[in-house]
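Have a look at the model first, then read on.

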Amino acid sequence: MTFTPKTPAFEKAIKDSRNLKAKPDNDELLELYSLFKQGTQDPPFADAPKPGMFDLTGKAKYNKWKEVADTGMTYQQAQEKYVKAVNSLKEKYGFEG
């Protein structure tokens with residue numbers, strides 16, 4: 001396993017995402033998930049197991065992450081986009097922190 005460094009802004013955004021005043025909708029959550037997974041590379045997408053046939057939530061997460069991975073987005077770019085997405089959600093939903 002390769003260690004993927006996390007920027008301080010990314011680390012802060014991870015914590016901040018847990019302190020939103022309201023839960024983001026499913027599309028927003030999938031976006032955060034895919035950017036987080038691409039940003040941490042834990043595991044790299046190529047090594048990620050495919051979800052089972054009846055795991056609909058797992059399939060949605062996997063497919064959204066695949067969309068991001070297929071663009072060729074680097075982990076650094078994913079971390080930057082994650083930070084921007086969390087900041088946008090903080091404005092939209094409010095933030096307790």
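Is Phe10 buried or exposed? Phe10 has 0% relative accessibility, so it counts as buried (under 20% relative accessible area is buried, over 50% exposed, in between partly exposed, with a 1.4 Å probe and protein chains only). Keep in mind that this is a predicted model, where local features need pLDDT of at least 70, side-chain atom pairs count only at pLDDT 80 or more, and totals for chains, interfaces and linings use all residues. Residues are numbered from 1 along each chain as its sequence is written, and side-chain values use heavy atoms, leaving out hydrogens and water.

**Aromatic pairs**
- There are five aromatic pairs, counting Phe, Tyr and Trp rings (the six-membered one for Trp) with centres within 6.5 Å; planes under 30 degrees apart are stacked, over 60 edge-to-face, and the rest tilted.
- Phe10 and Tyr82 have ring centres 5.1 Å apart and planes at 70°, so they're edge-to-face.
- That pair ties Phe10 in helix 1 to Tyr82 in helix 4 (residues 75-93), 72 residues apart; helices are DSSP runs of H or I, at least four residues, numbered from the N terminus.
- Tyr82 is buried too, because its relative accessibility is 4%.
- Ring pairs join Phe10, Phe36 and Tyr82 into a cluster.

**Charges over rings**
- Lys61 puts its charged end over the Tyr33 ring, 4.9 Å from the centre (the rule: NZ of Lys or CZ of Arg within 6 Å of the ring centre and within 35 degrees of the ring normal).
- Lys90 does this with Phe95, at 4.4 Å from the ring centre.

Terms used
Helices (H or I, at least four residues) and strands (E, at least two) are DSSP runs, numbered from the N terminus.
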